Amino acid sequence: MVNIRFANEPDVAAIVDIANWYAANTPANFAIEPEPLEMWLGAWREQRQWYPWLVAEALPGDAAAQDGAIVGFAKASPFRTRCAYRWTVETSVYVRAGWHGRGLGRSLYERVLSIVRRQGYRKVLGGITLPNPASVRLHEHFGFRHIGTMFRVGWKFGQWHDVGFWELEFDGGIASEAPGNIALVREVVGAEVEGHGARG
Ligand SMILES: CC(C)(COP(=O)(O)OP(=O)(O)OC[C@H]1O[C@@H](n2cnc3c(N)ncnc32)[C@H](O)[C@@H]1OP(=O)(O)O)[C@@H](O)C(=O)NCCC(=O)NCCS
């Protein structure tokens, strides 16, 4: 059994561990060296009020739980920092090796997308190092459409890699209407959020 919940500060170490595994072993993540915990903690502290960070936690009794209780994560982050981009987020999702194909990626993404939609974000972008049929399938399951590919944009493991972008526009992407204010994560999910409430 796996529980999807908001990430708290102690979970960030497991999140980094999962991301660094993909950095070391696959081109899905373009980091070349392991990224330090402090960097990810800084991002979590800075972003968590406005962008959901979720983890999938294996509950005691699940056969594979000895690998570490956190077996996946998904989060939203700012696409770019200039103000006019405020209504656009980028999302990412990682499931620990050995836990694939059990619906965890879908459950994590479903929650993240539902939250950012209720917060008032209008567009979601997902960047995928190609090929990655599982991630493409996952994005298209939620209605993302492929909007383009940046060819040979990353060099890793002795070869060039392409990154495709998939986008999702909420509510049919009504382009002419001015967007409303973005709500805090805690304003749309209420008491279930622990680390997402406090300032700082
Ligand atoms: C992409 C990833 C998150 C998918 O997570 P997962 O828990 O294994 O996926 P799920 O079991 O939830 O399946 C999601 C969908 O992908 C499909 N899928 C899963 N593995 C697949 C594969 N190897 N090939 C094709 N489709 C696949 C499933 O059938 C499902 O499709 P459906 O919604 O139409 O039924 C996981 O493979 C992963 O962590 N990959 C490495 C990191 C990464 O690439 N992240 C995405 C870039 S941000």
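**Close-up views of a predicted model**

**View 1. Strand β2 between β1 and β3.** Strand β2 (residues 53-58) is joined to strand β3 (residues 70-78) by 5 bridges, and the two run antiparallel; β1 and β2 likewise pair in the antiparallel sense, over 5 bridges. Individual pairs can be followed across these strands: Arg5 stands opposite Val55 in β2, Leu54 stands opposite Ala74 in β3, and the bridge partner of Glu57 in β3 is Ile70. Strand β2 is mostly covered, with 6 of its 6 residues buried.

View 2. The loop between β3 and β4 contains Thr81. Is this residue buried or exposed? Thr81 has 7 other C-beta atoms within 10 Å and is therefore exposed, a residue being counted as exposed if 12 or fewer lie within that distance. Thr81 and Gly164 are 83 residues apart along the chain, and their C-alpha atoms are separated by 21 Å.

**View 3. The hairpin of β6 and β7.** Together β6 and β7 form a hairpin with 2 residues between them. Of the 12 residues of β6, the number buried is 0, so this strand lies largely in the open.

View 4. Most residues other than glycine have a negative phi. Arg152, which lies in strand β6, is not a glycine and yet has a positive phi of about 50°; with 10 C-beta neighbours inside 10 Å, Arg152 counts as exposed. Phe157, in the loop between β6 and β7, is also a residue other than glycine with a positive phi, here near 55°. Phe157 has 9 other C-beta atoms within 10 Å and is exposed.

View 5. Most peptide bonds are trans. A cis peptide bond, with omega about -5°, joins Leu130 and Pro131, and Pro131 is found in the loop between β5 and α4. Beyond the other end of the helix, just after α4, Gly143 takes a positive phi of about 95°.

View 6. Which residues of α4 are buried? They are Ser135, Leu138 and His139. Seen down the axis of α4, these buried residues fall within an arc of 95°, so they line one face of the helix. An α-helix has 3.6 residues a turn, so residues three or four places apart point the same way. The cover over the buried residues of α4 includes α3, β5 (123-130) and β7, whereas on the other side of the helix Pro133, Arg137 and His141 are exposed.

**View 7. The shell around the ligand.** Of the 21 residues around the ligand, those that come nearest are His100, Gly105, Arg106, Ala134 and His141. At least two residues of the shell are supplied by each of β4 (88-95), α3 (104-119) and α4 (133-141), and the largest share, 6 residues, comes from α4. By residue class, the shell around the ligand divides into 10 nonpolar, 8 polar and 3 charged residues. His141, among the residues that come nearest to the ligand, is also one of the exposed residues of α4.

Methods. Residues are numbered from 1 along each chain as its sequence is written. This is a predicted model: local features need pLDDT of at least 70, side-chain atom pairs count only at pLDDT 80 or more; totals for chains, interfaces and linings use all residues. A residue is near a molecule or strand if its C-beta atom, placed from the backbone, lies within 6 Å of it. Helices (H or I, at least four residues) and strands (E, at least two) are DSSP runs, numbered from the N terminus. Ala, Val, Leu, Ile, Met, Phe, Trp, Tyr, Cys and Pro count as nonpolar, Asp, Glu, Lys and Arg as charged, and the others, Gly among them, as polar. A residue is buried if 20 or more other C-beta atoms lie within 10 Å of its own, exposed if 12 or fewer, and partly exposed in between; C-beta atoms are placed from the backbone. Two strands pair if DSSP finds at least two bridges between them. The arc is that of the directions from the helix axis to the C-beta atoms. Two residues are in contact if their C-beta atoms, placed from the backbone, lie within 7 Å.
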